[in-house]
Amino acid sequence: MVRGSLMHAARLGAGTAAVIAVLGLSGCAFNPLSTFTTPTIDQIEYETVTPTVSDDALVTPGTLTVALDTSDPPQAMQGADGNLTGYAVDAARALASRMGLKVAFVDTSSADSALGDKKADIFIGEINSTDGDISSLGTCLYDAASVFGKTSDGGSLSVSTDTLNTSTLGVQMSSASQEALAKQSITANQKTYSNINECFEALESGEVDYVICDSTAGGYLARLMSEISYVGALEAPSTLGVAGLVSNDELCRAVSDALDGITVDGTLEAVHSIWYGTMPYDLTTKTVSGANMQSSSPASSGETSSDSSSESTSSEDKSSSQEGTITDDDINKLNS
């Protein structure tokens, strides 16, 4: 067990170093007696990575063009400075860096629309296409309705469905999380709020015992609250994947290999920790005791509709459950 933990720490440490390199972060040990100088542009050395694909396999030579849904925070969103930011954005940057390519982004809601029209090389997001032209190249994120709780010492929490049934739960009104509670036959007292931010404020103030919400939205907000943390998944996770055109075999193979590489060496997990804090990358490692974790039907696990105005709980999707979740204030805190 200790050996496994050390291996995990080493892998995550290597991944963090890779993320620092990709995202342009830097760090050094502070010596108060040292003299600090800034190198000139000519003195900076850049590591050259040979591109793993030919220009003929790319929409734009030398560039991995990535399609994603920019209305799906915190996976992809516009930052306070107007630039694109989010977990999927940084994961795409890490992927492109591993392939020796620059990166560019295209806003789209599905793989079909971007890949079929040759607007992008790959798509990162929910992959639900039954079109034989689209190939799934791997997974880069797990997501599920999950429980978040508060501890005075910031320690780890664990709960069961029995515990939840005797607690006051904060949920976003008309959200997929309410449906998840119903599927688990949890009939606890619920307090509903207009967005996840309000749910977390209620948890922080003690108005509710736990918050049930989309794991990525909850993990993103919990990073900013020292006493609030992920407790466990309430259902089998859905996935955010990477897709490409089956006909572009050269690119598909290169992207799949690069995705495997940043997963194995801990880079992807390090990016995950930046955006979702201490929430585990693999949500199945910490679940709610007593919850039915069997996979849902394709219709419920592939929640991809971006129509957040839908009033039907049965058709409520991941995007609509996140409506109003991430505010400009949250993004400003992230960038500060």
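1. Basis. The model is predicted: local features need pLDDT of at least 70, side-chain atom pairs count only at pLDDT 80 or more, and totals for chains, interfaces and linings use all residues. Residues are numbered from 1 along each chain as its sequence is written, and side-chain values use heavy atoms, with hydrogens and water left out.

2. Aromatic pairs. Five aromatic pairs are present in the structure. Rings of Phe, Tyr and Trp (its six-membered ring) pair if their centres lie within 6.5 Å; planes under 30 degrees apart count as stacked, over 60 as edge-to-face and the rest as tilted. One of the pairs joins Y142 and Y281, whose ring centres are 5.6 Å apart with planes at 85°, so this pair is edge-to-face. Y142 lies in strand β6 (residues 134–143) and Y281 in the loop between α9 (267–276) and α10 (298–301), 139 residues apart. Helices (H or I, at least four residues) and strands (E, at least two) are DSSP runs, numbered from the N terminus.

3. Accessibility in these pairs. Buried means under 20% relative accessible area, exposed over 50%, and partly exposed in between (1.4 Å probe, protein chains only). Y142 is partly exposed at 25%, whereas Y281, at 15%, counts as buried. The rings of F148 and Y230 form another edge-to-face pair, with centres 5.8 Å apart and planes at 75°. This pair links strand β7 (residues 145–150), which holds F148, to strand β11 (residues 228–233), which holds Y230, across 82 residues. F148 is buried at 0% relative accessibility, and Y230 is buried at 5%. Ring pairs also bring F200 into a cluster with F148 and Y230.

4. The sheet. An open sheet of five strands runs in the order β9-β8-β10-β7-β11, with mixed pairing; two strands pair if DSSP finds at least two bridges between them. β9 (189–193) and β11 stand at the edges with a single partner strand each, so one side of each has no neighbour in the sheet. Between β7 and β11 the pairing is antiparallel, over five bridges. S146 has A233 in β11 as its bridge partner.

5. The helix on the sheet. Helix α6 (residues 196–205) packs on this sheet and touches β7, β8 (168–172), β9, β10 (210–214) and β11; contact means heavy atoms within 4.5 Å. The direction of α6 makes about 160° with that of β10. Axes are lines fitted to C-alpha atoms, for helices over the stretch in contact, and angles run from 0 to 180 degrees between N-to-C directions.
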